[in-house]
Amino acid sequence: MREVVKELIEQSIFFEYKLPNENKNIESSKYSNYKDFCFSNDKYEKISELIYNSIIDYANNEYEIDETELNNEQKATIISKLRYTESQDMTTKKKYGFYGEVLLYCILVYFFGTDVLISKGYFYNVLDASEPKGYDSFHIIQREQQLELWFGEAKCYEEYTDAINSVLNNIEKALSSAYLSMNLIAIIKENKNLNILNGQIEKLCKEWKGNPVINLKDQISKYNMKLIYPILIVADKKNKEYDQCIRDCIEHIEKEFNKRKPNFSNEINSSVFFMFLPIESVGKMKEKVIEWISMEKQLKL
């Protein structure tokens, strides 16, 4: 991660507390089997600045970035590795998914110390011009003999209920061995573009290439891999006090949990947790990013 991006994170995203929190009398999410994390922001313009200046880091592997040609690389990235069409109207542009995904990248690398296995830009199809499929992040952390696959999800909506519901509509699939296996196959196909070399991933790639019909679920267990599924929820504060924003999210998740009665297969070793970031205005934040992309604003160096 470039130093300027770290500085922008420090100016725009502030860690508040973990859940459950006895002092605040707020429980953790019903879906979480790990602590939830709560972040805050005081000015949405700072979030806009972070997103705009981090697009190139999110969509490219670190070794590819030429800091002497950042502005040209930013233009090329937006054209070839990001769902963004200048001719589309503002309403359509605000529905793009990269806003939340860029923030997820920033939070995971800065606050959790993840390494990017492969950047999401590799999975964007220019001809298809649609959002890249699969998890929203492909990060890893090596802890002694276990490889943690930090394959997460990000939702950036004005209404927190819409953001949460969008995640919950997909969460059982996201935690299934079949979905994880499909994402790993997509990564294996791009093995020449991996950002870092990792022994377990390399062995998995070689075994799959030698025998594409092997059971990837068994290989995940063989190489002691664990799925970490962080879920980032970015939504409007609606003039509410910060703790109430977090409380409302947790209460809505509990209501949906009780209504949906999810049935997880437990086929894979996994940890799930939420990260909450209420901001002043998601709509204005996105509009500012769009404005800067359109005017080709110079990146911070």
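Strand E7 (225–236), helix H11 (242–260) and strand E8 (270–279) each supply at least two residues of the lining of the largest cavity. Helices (H or I, at least four residues) and strands (E, at least two) are DSSP runs, numbered from the N terminus. The model is predicted: local features need pLDDT of at least 70, side-chain atom pairs count only at pLDDT 80 or more, and totals for chains, interfaces and linings use all residues. Residues are numbered from 1 along each chain as its sequence is written, and side-chain values use heavy atoms, without hydrogens and water.

The whole structure holds 3 cavities of 30 Å³ or more. A cavity is a set of points, on a 1 Å grid over the protein atoms alone, where a 1.4 Å probe fits but cannot get out; lining residues have an atom within 4 Å of a point. E7 gives the most to its lining, with 4 residues. Tyr160, Asp236, Lys240 and Phe276 are among the lining residues.

The second largest cavity has about 70 Å³ of space. Its lining includes Asp57, Tyr105, Lys120 and His139.

Helix H12 (residues 282–295) has 14 residues. It reaches 20 Å from its first C-alpha to its last, close to the 20 Å expected at 1.5 Å a residue, where the expected span is 1.5 Å times one less than the number of residues. Val282, Met285, Val289 and Trp292 are among its buried residues (under 20% relative accessible area, 1.4 Å probe, protein chains only). Just after H12, Glu296 takes a positive phi of about 55°.

Conventions:
Buried means under 20% relative accessible area, exposed over 50%, partly exposed in between (1.4 Å probe, protein chains only). On a 1 Å grid over the protein atoms alone, a cavity is a set of points where a 1.4 Å probe fits but cannot get out, and a pocket is an open set with protein on both sides within 12 Å along at least five of seven lines; lining residues have an atom within 4 Å of a point. Grid points are joined across faces, edges and corners, and a volume is the space filled by probe spheres set on the points.
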